[in-house]
Amino acid sequence: MTSRDKILNLFRTCPDQYLSGQDISRSLNISRTAVWKQVKVLRELGFEIEAKHSLGYRLLATPDLLLTSEIESGLNCQLLGQSVVSLAETDSTNVLARRLGEEGALEGTVVVADRQSAGRGRLGRRWESPPGINLYCSILLRPKIPVQQAPQLTFLSAVAVVETLKEVCHLSAEVKWPNDILVGGAKISGLLNEMNAETEQIHFVILGVGVNLNMTEAQFPDILNYPATSVLLETGKPVDRLIFLQAFLQRLDLYYAEFLKEGFSPVRRRWEKLCNMMNMQVEVDQGGGSLCGTVVGLDTEGALRLQLDNGQVERILAGDVRPVKI
Ligand code: BT5
């Protein structure tokens, strides 16, 4: 924990109180000049800190920033957030989480960035990640499950995002197989699940989650393959990113514990209830060709079950699903 984080923690443990420079310097074992420098940095980051002669410093307001100490403070998780890495900018939180995973980072490590310079979607696609408004985060998990079950974890994060949108933003969203969250047909969130494994053993899985929270119309690029939206556009109300992130992590933490204990069935049932295409006629574009059928659910490994006209049920492992217009 940096001196800056420690100062914030002191303010948090003594809300609305003045803390003298001397007391802070003593409890952190740093000079009073160092305290003053850190207070200056905090102010530059948007913290409103009052300084009164003979009384000391007092925290008046906190900005909507995703700082490590802010994320950790009050986070009520069993496993997620054991370690939180928060950066102003990185190329991709998934890439950083993978690097940390290779270096042996703890299960439950959370990586968050305010901006991604090369946010990633599937198949080399881009994820637009402007600063200050959205959530870009990756969670490192080390489940002891067979390699072929790793895709199941995407559905845990999908359900957790939809339920957090409901709880925190009062917004109803749907899941679209395999990794999209939609509101009224427009994409509000995308998920990117990546794995590091050998033939039989998972070293770790990275759950990448991007959610458009406070993005305005003008901040979306002109050319996106599909319509996109944000919480702000849907509800007209800005979202506190920290509250959203903590609520999301807490929910995912519960679902992950349940998944390790009870397997995929509970989350699969929840996902099917939230799926916008259940029992619908769809066309699946699989790159080489397409397949038409009715969506009848997920199988135990997370593949989409598609019932063809001849009654046969196909397992779809990858592809883009579109409703068939009748
Ligand atoms: C996804 O890919 O939807 C997965 C996105 C995962 C992003 C998170 S952010 C944190 C973590 N770190 C990363 O680097 N990535 C993860 P896909 O299904 O391939 O969708 C990508 C497509 O969505 C693009 O080709 C665009 O058409 C569209 N798109 C890009 N940015 C968008 C945005 N912010 N909102 C909505 N749609 C977007």
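**View 1. Thr90 and its surroundings in the predicted model.** In this predicted model, Thr90 is in contact with Leu96, Ala113, Arg115, Gln116 and Ser117, leaving aside its neighbours within four places in sequence. Thr90 sits in strand β3, which covers residues 84-90. Is Thr90 buried or exposed? Its relative accessible area is 11%. Buried means under 20%, so Thr90 counts as buried. Look also at Asp91. The side chains of Thr90 and Asp91 are joined by a polar contact of 3.3 Å.

View 2. Which residues come nearest to the ligand? They are Ser92, Arg120, Arg125, Lys187 and Asn212, out of 28 residues around the ligand. Start with Ser92. An N or O atom in the Ser92 side chain is 2.7 Å from an oxygen atom of the ligand. Arg120 uses its backbone instead: a backbone N or O atom of Arg120 lies 2.7 Å from an oxygen atom of the ligand. For Asn179, a polar side-chain atom lies 3.4 Å from a ligand oxygen atom. How much of the ligand does the protein cover? On its own, the ligand has 790 Å² of accessible area, and the protein covers 96% of that.

View 3. Strand β8 provides the largest share, four residues. What classes of residue make up the shell? There are 13 polar residues, eight nonpolar ones and seven charged ones.

**View 4. The largest nonpolar core.** Nonpolar side chains tend to be buried together in soluble globular proteins. Here, the largest nonpolar core has 64 residues. Which residues have the most contacts inside this core? They are Ile139, Leu165, Ile181, Phe248 and Leu249. Helix α6, residues 152-169, gives the most to the core, with ten residues.

**View 5. Leu165 and its contacts.** Leu165 is one of the residues with the most contacts inside the largest core. Leave aside its neighbours within four places in sequence, and Leu165 is in contact with His170, Leu171, Ala173, Ile181, Ile188, Val211, Val231 and Phe244. Ile181 is also among the residues with the most contacts inside that core.

**View 6. A second core.** This core is separate and has 16 residues. Leu8, Phe11, Ile24 and Leu42 are among them.

Key: Residues are numbered from 1 along each chain as its sequence is written. This is a predicted model: local features need pLDDT of at least 70, side-chain atom pairs count only at pLDDT 80 or more; totals for chains, interfaces and linings use all residues. Side-chain values use heavy atoms; hydrogens and water are left out. A residue is near a molecule or strand if one of its heavy atoms lies within 4 Å of it. A polar contact is a pair of N or O atoms within 3.5 Å; within protein, one must be able to donate a hydrogen and the other to accept it, and residues adjacent in sequence count only if both atoms are side-chain atoms. Accessible areas come from the Shrake-Rupley method with a 1.4 Å probe; for residues, only the protein chains shown count as cover. Helices (H or I, at least four residues) and strands (E, at least two) are DSSP runs, numbered from the N terminus. Ala, Val, Leu, Ile, Met, Phe, Trp, Tyr, Cys and Pro count as nonpolar, Asp, Glu, Lys and Arg as charged, and the others, Gly among them, as polar. Buried means under 20% relative accessible area, exposed over 50%, partly exposed in between (1.4 Å probe, protein chains only). Contact means heavy atoms within 4.5 Å. A nonpolar core is a set of buried Ala, Val, Leu, Ile, Met, Phe, Trp, Tyr and Cys residues joined through side-chain atoms within 4.5 Å.
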